[in-house]
Amino acid sequence: MARGLPKRKPLKGVKQIFVVASGKGGVGKSTTAVNLSVALKILEPKKSVGLLDADVFGPSIPLMMNIQQSPVINDTNLIEPLVNYGVKCMSMGFLIDDKSPVIWRGLMVMSAIDKLLYQVAWGPLDYLVIDTPPGTGDTHLSIIQNLPITGALLVTTPQKAALEVTTRGANMFKRLNIPIAGIVENMSSVICPKCNTEITVFNDGTKVIAKQLGIRILQIVPLSEGIAESCDNGKPIVLTAPRSIQAQAYKNLAASVISFLAKQPVQAE
């Protein structure tokens with residue numbers, strides 16, 4: 001699969017590009033990408049962090065990052081990313097009406113992704129986190145084949161259906177020589193809203209798959225009402241409840257990602 005790929009073109013001013021991916025939808029990938037991005041900024045305040053919402057059909061970053069305004073074009077004819085919580089953000093959701101469906105064929109989607117990548121004034125940026133759509137389709141191949149990706153994070157839930165597609169995603173990254181930082185397991189347990197006790201509701205399926213793939217589980221994030229509320233209110237849980245189990249999990253995840261990226265090469269422009 002890696003043969004005959006186009007030459008990867010760096011993003012101007014961006015040092016490292018990190019992809020957050022999942023096989024199934026609804027496993028908490030965007031929530032992970034948002035909290036990871038903000039946690040990276042919290043742990044390394046002197047570093048610059050960007051977040052790209054590459055899900056053209058279902059952009060959720062505008063809601064989760066509480067950004068309603070539209071971006072502007074600067075003097076160099078590039079789109080200026082919008083900033084909140086210290087993170088530079090860009091999403092197709094900023095460029096279209098929030099009630100309008102995106103009814104596009106593949107070529108139009110690829111053109112939109114190219115615009116979000118190369119017609120945005122990202123730099124200077126130490127980390128660019130890309131929140132990809134579910135699956136292993138055109139968007140992923142376009143990003144991976146054209147960008148010098150530093151690494152990838154897989155997000156899953158413990159159900160068999162999600163794990164099967166996570167395995168396909170892991171194999172895709174391996175075939176394309178993209179280093180995998182690890183796996184985040186979501187919703188394998190739940191926090192009781194009354195007693196704050198963590199209750200396990202699923203088996204060890206993720207551990208089995210991780211062992212088979214030779215990939216570490218970096219964090220296990222329990223489901224809680226606080227995560228849902230923070231997403232709906234547009235303020236990540238690492239900010240709304242910084243001492244919570246979930247916030248600590250995302251900060252630990254960010255620390256693991258920082259350690260992983262420190263071992264990877266910085267992309268030359």
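## Reading salt bridges, cysteines and burial

Author: In this predicted model, Asp126 and Lys15 form a salt bridge, their closest N and O atoms lying 3.3 Å apart. The two partners come from distant parts of the chain: Asp126 belongs to strand 5 (residues 125–131), Lys15 to strand 1 (residues 14–21), and 111 residues separate them.

Reader: How many salt bridges does a search of the whole structure find?

Author: The search finds 2 salt bridges. The pair Asp131 and Lys29 also forms a salt bridge, with 2.7 Å between the closest N and O atoms.

Reader: Is Asp126 buried or exposed, and what of Lys15?

Author: Burial is read from relative accessible area, and buried means under 20%. Asp126 has 11% relative accessibility, so it counts as buried. Lys15, at 40%, counts as partly exposed.

Reader: How do Asp131 and Lys29 read on that scale?

Author: Asp131 is buried, with 1% relative accessibility. Lys29 is buried as well, with a relative accessible area of 7%.

Reader: Turning to the cysteines, how many disulfides does the count give?

Author: A disulfide calls for two cysteine sulfur atoms within 2.5 Å. By this rule the count is 0 disulfides.

Reader: Which residues form a nonpolar patch on the surface?

Author: A patch takes residues with over 30% relative accessible area, and nonpolar side chains are joined within 5 Å. Here Ile199, Val201 and Phe202 form such a patch on the surface, and together they have about 240 Å² of accessible area. Ile199 sits in strand 8 (residues 198–200). Its relative accessibility is 40%, so Ile199 counts as partly exposed.

Reader: Which residues does Ser188 touch, leaving out those up to four places away in sequence?

Author: Contact is a matter of heavy atoms within 4.5 Å. With residues up to four places away in sequence left out, Ser188 touches Pro158, Thr200, Val201, Phe202 and Ile220. Two of these names, Val201 and Phe202, also occur in the nonpolar patch. Ser188 itself is found in strand 7 (residues 180–191) and is buried, with a relative accessible area of 7%.

Reader: With which side chain does the side chain of Ser188 make a polar contact?

Author: The partner is the side chain of Glu185, at 2.9 Å.

Reader: How far apart are Ser37 and Cys89 in sequence and in space?

Author: A separation along the chain and a separation in space are read side by side. Ser37 and Cys89 are 52 residues apart in sequence, and their C-alpha atoms are 9.9 Å apart in space.

How values were computed
Residues numbered from 1 in each chain as written. Predicted model: local features only at pLDDT ≥ 70, side-chain atom pairs only at ≥ 80, totals over all residues. Heavy atoms only, no water. Patch = residues over 30% accessible without salt bridge, like charges linked within 9 Å, V, L, I, M, F, W, Y side chains within 5 Å. Areas by Shrake-Rupley, 256 points an atom, 1.4 Å probe, with all protein chains shown as cover. Salt bridge = Lys/Arg side-chain N within 4 Å of Asp/Glu carboxyl O. Helix = DSSP H or I, 4+ residues; strand = E, 2+ residues; numbered from the N terminus. Buried < 20%, exposed > 50% of the residue type's maximum accessible area, 1.4 Å probe, protein only. Polar contact = N/O pair within 3.5 Å; in protein donor to acceptor, adjacent residues only side chain to side chain.
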